[in-house]
Amino acid sequence: MALAGGVRVRARALLRAGAQFRGPVLGRPEPAAGGGDGTRRFANLRVLVEPDPAAGVAVMKLKSPPVNSLSLEFMTEFLISLEKLENDKAFRGVVITSDCPGVFSAGLDLTELCGQNPAHYAEYWKAVQELWLRLFLSNMVLVAAINGVCPAGGCLMALTCDVRVLADNPKFVIGLKETQLGIVVPFWLKDNLVNTIGHRASEHALQLGLLFPPAEALQVGIVDQVVPEDQLQSTALSVMARWMAIPDHARHLTKAMMRKATADSLIKHRDADIQNFVNFISRDSIQKTLQVYLQKLKQKKG
Ligand SMILES: CCC/C=C/C(=O)SCCNC(=O)CCNC(=O)[C@H](O)C(C)(C)COP(=O)([O-])OP(=O)([O-])OC[C@H]1O[C@@H](n2cnc3c(N)ncnc32)[C@H](O)[C@@H]1OP(=O)([O-])[O-]
């Protein structure tokens with residue numbers, strides 16, 4: 001699946017502006033700095049990719065400090081990196097994890113949702129849809145190695161993966177907390193959650209905006225495994241090895257079959273979903289709530 005129009009234009013603009021792949025790109029391998037071991041690390045500003053072509057696996061590290069919030073730039077760069085891997089036959093699996101200590105992703109970037117104009121909200125929401133669709137429909141095996149707090153839009157990314165492994169730390173909560181912020185999750189993300197944990201548990205989780213600590217997350221099924229923090233990466237890679245042992249073609253056709261109806265319901269109603277989001281987020285009451293919340297986050301430090 002190619003990048004949608006707006007995101008593609010933005011991606012091109014970023015690249016034209018020299019969006020600054022600091023390392024070698026896939027297809028033009030060079031040894032990693034100082035490595036000389038044939039591994040091909042590449043990075044843009046906000047995503048670090050550590051490829052292991054021999055295993056057919058790459059680790060994508062989200063590194064948009066302080067909290068990996070989903071800004072337009074972050075999502076664009078993430079999708080460029082993902083597309084590079086998808087276009088390279090050497091790669092069949094991706095582990096997604098964070099390079100920001102204690103935070104997998106803080107979710108949607110609230111500065112993109114506050115005090116902007118409707119055209120911006122529309123562009124932003126289209127990019128969020130695109131991020132979800134591209135991950136949800138990826139042919140590759142995606143494993144989320146969740147090494148930090150994972151609320152809302154962070155949980156969105158994790159939910160698209162085939163497997164979620166969470167590091168066992170009581171601070172590392174995961175869930176769709178949107179109602180706590182006065183936001184309603186989009187129907188396609190609700191469907192994604194229902195497919196994962198079932199209808200009744202989703203009703204509770206979504207209405208209450210629940211964030212699950214590790215033991216509860218495992219119990220409700222929003223993650224598949226909880227492991228000690230120092231075993232997260234190795235567990236994610238061994239889960240990946242198990243999935244990679246399945247013939248690719250059969251596996252990804254099965255994945256597509258399982259996910260098609262959920263994805264199609266967004267694809268068919270993309271424009272209406274954008275319009276709905278723009279109308280909702282532009283409301284004075286929502287803007288006020290989000291601004292107060294953002295202000296509170298900023299004051300936390302002071
Ligand atoms: C698709 C479905 C709908 C989805 C909706 C959403 O995702 S809505 C989103 C739902 N997400 C949430 O409700 C999560 C909100 N975030 C948090 O709860 C905490 O930041 C944390 C627990 C993620 C990390 O705690 P910590 O103590 O490690 O870090 P800290 O708290 O000190 O923050 C550091 C800096 O980052 C800033 N910043 C933080 N988040 C965001 C953001 N989303 N955006 C922008 N900026 C954000 C914060 O203001 C501060 O800025 P400053 O002062 O340096 O200019």
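How many bridges join β3 to β4? Six bridges join these two strands, which run parallel.

## The model and its overall make-up

This is a predicted model, in which local features need pLDDT of at least 70 and side-chain atom pairs count only at pLDDT 80 or more, while totals for chains, interfaces and linings use all residues. Residues are numbered from 1 along each chain as its sequence is written.

The protein chain contains 12 helices and 10 strands; helices (H or I, at least four residues) and strands (E, at least two) are DSSP runs, numbered from the N terminus. Of its 302 residues, 39% count as buried. A residue is buried if 20 or more other C-beta atoms lie within 10 Å of its own, exposed if 12 or fewer, and partly exposed in between, with C-beta atoms placed from the backbone.

Strands of a sheet pair through backbone hydrogen bonds, either parallel or antiparallel. Two strands pair if DSSP finds at least two bridges between them.

Strand β4 covers residues 93–98, and six of its six residues are buried, so it is largely enclosed by the rest of the structure. Gly93, Val95 and Thr97 point one way from β4, whereas Val94, Ile96 and Ser98 point the other way.

## An open sheet of three strands

Another group of strands forms an open sheet in the order β5-β7-β9, with parallel pairing. β5 and β9 (174–175) stand at the edges with a single partner strand each, so one side of each is left without a neighbour in the sheet. Two bridges connect β7 and β9 in the parallel sense, and Cys150 stands opposite Ile174 in β9.

## The surroundings of the ligand

The ligand is surrounded by 26 residues, and the closest are Gly107, Leu108, Ala152, Gly153 and Leu297. A residue is near a molecule or strand if its C-beta atom, placed from the backbone, lies within 6 Å of it. Elements that give two or more residues to this shell include β5 (102–103), β7 (148–151) and α12 (284–299).

By class, the shell holds 16 nonpolar, five polar and five charged residues. Here Ala, Val, Leu, Ile, Met, Phe, Trp, Tyr, Cys and Pro count as nonpolar, Asp, Glu, Lys and Arg as charged, and the others, Gly among them, as polar.

## Backbone features in two loops

Ala152 lies in the loop between β7 and α5. Its phi is positive, about 50°, although Ala152 is not a glycine. Ala152 is buried, with 25 other C-beta atoms within 10 Å.

The loop between β3 and α2 holds Asn68, another residue that has a positive phi of about 50° although it is not a glycine. Asn68 is buried, with 28 other C-beta atoms within 10 Å. Pro66 is found in the loop between β3 (57–62) and α2 (72–86), and a cis peptide bond with omega of about 5° joins Pro65 and Pro66.

## Helices α6 and α10

Helix α6 (residues 187–197) packs with helix α10 (residues 248–268) at an angle of about 175°, with their axes 10 Å apart. Axes are lines fitted to C-alpha atoms, for helices over the stretch in contact, and angles run from 0 to 180 degrees between N-to-C directions. The angle makes α6 roughly antiparallel to α10, a term for angles over 145 degrees.

How values were computed
Angles under 35 degrees count as roughly parallel, over 145 as roughly antiparallel, 65 to 115 as roughly perpendicular and the rest as oblique.
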